[in-house]
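The sequence and structure come first.

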Amino acid sequence: MAYHSLQDLVALAEQTGRTLPQLVLENELQLTGMTRTQLEEELDRRLEVMRTSAQKALHAPQKMACSLITGQAQRQQNYLDKNGNDCLVGAYANQAMAMALSCSEVNASMGRICAAPTAGSCGILPAVLCTLESRYSYTAPQLRAALLAACGVGAVVMRNATVAGAEGGCQAECGTAAAMAAAACVQLKGGSAVQMVNAAALALVNVMGLVCDPVAGLVQLPCSFRNASGAVNALLSADLALAGQAPGIPPDEVVDAMYRTGRKLPLELRETALGGMAAEPAAKQVAKQLQQGQA
């Protein structure tokens, strides 16, 4: 039941009558040697880590070295609490943003996060899953299935492209995280395997070419904001796919395009902190202060 591409997942689902999460589950059981109970327990454990990191900084700003993003999650949560449905992009999108920022704060403070698929993009999938869980009260089996759908997408990108900012820019990190989260959303809303891979591809399309330019080399700015926008990207990509939208070219070719685009990015724009925002005067001053132990 092995799969090597997004098209493989769709074809297997159509041939076997199984859902995409079921296919991923069966493959994981073969690869890991775990029992189904053990694998489900591991999924539940990771979901709990996600919940904790998505909520931890909402009302308690996290302390970190060179505190560039401390308090961001609380600030967004306060805005949401004050404005509710009057928030410009809606209450649930703002909840996802706040939770994504919380995960970024927890990561920057050396707290426990679930790298999905990387530490730098750790807020996107948890924020989306936790926001939808709070809205629809999904059950544990439903959330496990969503996480498995996300895992399937992530595994394909890992096999055929990259999730490393140093290799493919932030499009590879936050883009893949958004693709995983978009597939999870479609699964939770009862969409098809085709809609799941289309949602994943659309999330990648939306950030094609996004650079990786961490200020002072820290996974704080602009990483946290890209986690927040990545969560919203996942939600809108899922809605697009559920409405019947498709990326225009096969999803696997979108993954390939992301990879080739990332490889063409200059070294300065691939996690070296030598270009983009990291090369601006204010960012260089932060780096200098950090080196001198003043930050």
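The model is predicted.

**Pockets**

| Pocket | Volume | Lining by class |
|---|---|---|
| Largest pocket | about 440 Å³ | 17 nonpolar, 3 polar and 3 charged residues |
| Second largest pocket | about 280 Å³ | 10 nonpolar, 1 polar and 3 charged residues |

The largest pocket has a volume of about 440 Å³. Its lining comprises 23 residues, and Glu 28, Leu 43, Arg 46, Leu 147 and Cys 151 are the closest to the centre. Helix H2 (20–32), helix H3 (36–56) and helix H7 (140–160) are the elements that each give two or more residues to this lining. H7 supplies the largest share, 7 residues.

For the second largest pocket, the lining has 14 residues, and those nearest the centre are Leu 132, Arg 135, Leu 235, Leu 236 and Asp 239. Two or more lining residues come from each of helix H5 (91–108), helix H6 (124–136) and helix H11 (223–242). Here the largest share, 6 residues, belongs to H11.

**Helix H5**

H5 contains 18 residues, and the distance from its first C-alpha to its last is 26 Å, close to the 26 Å expected at 1.5 Å a residue. The helix is mostly covered, with 17 of its 18 residues buried. Just after H5, Met 110 has a positive phi of about 65°.

In soluble globular proteins, nonpolar side chains tend to be buried together. In this model the largest nonpolar core holds 82 residues, and Leu 20, Met 50, Leu 125 and Leu 129 have the most contacts inside it. Helix H9 (residues 170–188) gives the most to this core, 14 residues.

Which residues does Met 50 touch, leaving aside those up to four places away in sequence? They are Cys 114, Ala 116, Leu 125, Pro 126, Leu 129, Cys 130 and Leu 147. Two of these contacts, Leu 125 and Leu 129, are themselves listed with Met 50 among the residues with the most contacts inside the core. Another, Leu 147, is one of the residues closest to the centre of the largest pocket.

Methods:
Residues numbered from 1 in each chain as written. Predicted model: local features only at pLDDT ≥ 70, side-chain atom pairs only at ≥ 80, totals over all residues. Heavy atoms only, no water. 1 Å grid on protein atoms, 1.4 Å probe; cavity = no way out; pocket = protein on both sides within 12 Å on 5 of 7 lines; lining within 4 Å. Points joined across faces, edges and corners; volume = space filled by probe spheres on them. Helix = DSSP H or I, 4+ residues; strand = E, 2+ residues; numbered from the N terminus. Nonpolar A, V, L, I, M, F, W, Y, C, P; charged D, E, K, R; others polar. Expected span 1.5 Å × (residues − 1). Buried < 20%, exposed > 50% of the residue type's maximum accessible area, 1.4 Å probe, protein only. Core = buried A, V, L, I, M, F, W, Y, C linked by side-chain atoms within 4.5 Å. Contact = heavy atoms within 4.5 Å.
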